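Me: I have just opened this one and would like to be walked through how it is put together. Could we take it piece by piece?

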Amino acid sequence: MNDSLKNIASVLQANSQGDADITGVAFDSRQVKIGDLFVALVSEHDGHLYIQQALANGAVAVLVDDQHAITPDIPAIIVPDTLLALQRLGQYRREMVNPKVIAITGSNGKTTTKDMTAAILSTKFKTFKTPENYNNEIGVPMTLLSMPDDTEVLVVELGMDRPGQLTVLSHLVMPDIAIITMIGEAHIEFFQTRDNIARAKLEITQGLKSDGILLVPFDEPLLTQAAVKTDRQYFGEKVSAIQALATVTTFTFEQQKFAIPVMGRYNVMNALAAISAGKLLSIDLKHAALALKNFDLTKNRTERLVTSQGVVLISDVYNANPTAVAAVLSTLKSLPARRKYVVLGDMLELGTQANHLHAELGPKILDTDVDGVYLVGSLFNQNTAPLLMSKMGVERVHLYQTDQLKQLASDLLAISQPGDVILLKASHGIHLEEVVQQLTSEQP
C-alpha cells in the first residue's frame, strides 16, 4: 500500500496528529519495516507499550486508542478501538484493490484448499493468498492490507472458533465465491454439536456478494440441506481412479487426470473444491492439473519430510480433530514402510466430549497395524492407551506428558531406522513441531 496518514485518518473518520507517507502496516513491533504504520492492539499484550520499539524499527506513524496518551511529536491516528480500525482499514483496502475474492473455511483442509486454489488461479490471474495462518480478526485485515496493488484474485482463509466470528470476517472480505471444505469436530467444546458448527460455518455467506456462489461438499447433509439465501453448488462428485501413494495422490475428474503432491484420499476433496473454484473463473482442467502437480503447501499441513537418517516423517502438527486424525491414520495404513510408528498428541477444544472422542480413536489406531504408538497428553493417555496396551502390549505403547517432548524426540531417534515412517499429528497447542524440528535437525 502507499497512502498518507491524513487520508487513512479520513477513511477511519478519526483524529490525527502530524503526517507521514505510509507504505505498510504492522501490529508486531518486532516485525515493523521502514514506512509502516504501527497498530497498537490491546489484547494479551498491550501494543501501546511497544510504540517506541516500533518507531525505532522504522515505523513512521502509529494507530492508537484514545485511552492512551501519545506525545505530540509522534505522527498518529487516534481511534476508540484499534482492532476495529484495523479491520476498517483492511476493508477499505479490499474496496480499493477490488479483486475477485475466494473465501475458504472448514473444520479441516482449509489451508491446503487455499494453497491449491491459489495455485490454480495463478495460471490466469495475479493471485494473492492468506500468508501462513492469518485467518482471524487480526490476520484477515492484515491479509487484505498485504495484497499487492495489482492483485486480481484474493484467496483468503477464514478461521472460526465461536458464533458470529465468520459473519464479521465475511463482511470484511465480501467474497465472490465461498467454500466450506467440511464439517468436523473442531471447536466442538464451544458449539456442542456438528449441527451448530455447520450453522456457524454458513456464516461465511453473510458477506457474500448478491451474485456470489457457495461451494460445499456434495456428501455433507448439514450443508447440502441447509437453508441459504445464495446460489449453492457442490464439489466432490464425478471423481474416479483414486490412488493414494507414498508421495502423490492421483485421481481422474471429468476425464482429466490429476496428480497432487500430498498424501491421503481426503486431499482429493480439497483439490476438487479448488478445481471447482477455478472452473467458476474459467480455468480449464488441463491448466488446473498442471497447477496442482507442484503447488506450494503451507508448512505443517501433512508434510512429507525425510530425515538425514532416511526416516520418513508425516508431519501434520498444526491442528487435530477426530475426523482429521482418522483420515491421516487411514493414509498411514496404505503407505509402504519397513516399520511404522504413530505419534499422537491430544486433540484440544473438544469440551465435554473430549474423553469419548479420544477413546473412539483407539480402534482406528489399532487398524493401522503400526509397530509402535507414542501418545502425548492426558487425554490420549487416559482414554486411548488402556485399549491399545491390552491389544498391542505395553512395550509397544509409549506415554508422555506435554512437557516431555525432548524425551519423546530422543526415544524416536533411538528406535527409528532408514525406511521407517513416523506419523505425527496433534493440536498445535501440544507443540509437536518441536519434535519434528529435533528429528529433522539431528545429524547422523
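Reply: Helix α10 lies across β11, β12 and β13, and runs at about 160 degrees to β12. Such angles run from 0 to 180 degrees between N-to-C directions, with axes fitted to C-alpha atoms, for helices over the stretch in contact, while contact itself means heavy atoms within 4.5 Å. The helices (H or I, at least four residues) and strands (E, at least two) are DSSP runs numbered from the N terminus.

Me: Before we go on, what sort of model is this?

Reply: This is a predicted model, in which local features need pLDDT of at least 70 and side-chain atom pairs count only at pLDDT 80 or more, whereas totals for chains, interfaces and linings use all residues. Residues are numbered from 1 along each chain as its sequence is written, and side-chain values use heavy atoms, with hydrogens and water left out.

Me: Okay, which sheet has β11, β12 and β13 in it, and what is the strand order?

Reply: They belong to an open sheet of six strands with parallel pairing, in the order β9-β10-β8-β11-β12-β13, where two strands count as paired if DSSP finds at least two bridges between them. Because β9 (127-129) and β13 (231-235) each have a single partner strand, one side of each is left without a neighbour in the sheet. On average, neighbouring strands of this sheet are turned by 20 degrees against each other, direction ignored.

Me: How many bridges join β11 and β12?

Reply: Three bridges pair β11 with β12 (residues 213-217) in the parallel sense, and Ile 177 has Ile 213 in β12 as its bridge partner.

Me: Changing topic, which residues does the "binding site" annotation cover?

Reply: The unreviewed UniProt entry gives that annotation to Gly 106, Ser 107, Asn 108, Gly 109, Lys 110, Thr 111 and Thr 112; UniProt positions are given in the numbering used here, feature names are shortened, and annotations may be inferred rather than shown by experiment.

Me: Is Gly 106 buried or exposed?

Reply: Gly 106, in the loop between β8 and α4, counts as buried because its relative accessibility is 0%. Not counting residues up to four places away in sequence, Gly 106 touches Thr 181, Met 182 and Lys 201.

Me: What about Asn 108, buried or exposed?

Reply: Asn 108 is found in the loop between β8 and α4 and is buried, with a relative accessible area of 13%.

How values were computed: Buried < 20%, exposed > 50% of the residue type's maximum accessible area, 1.4 Å probe, protein only.
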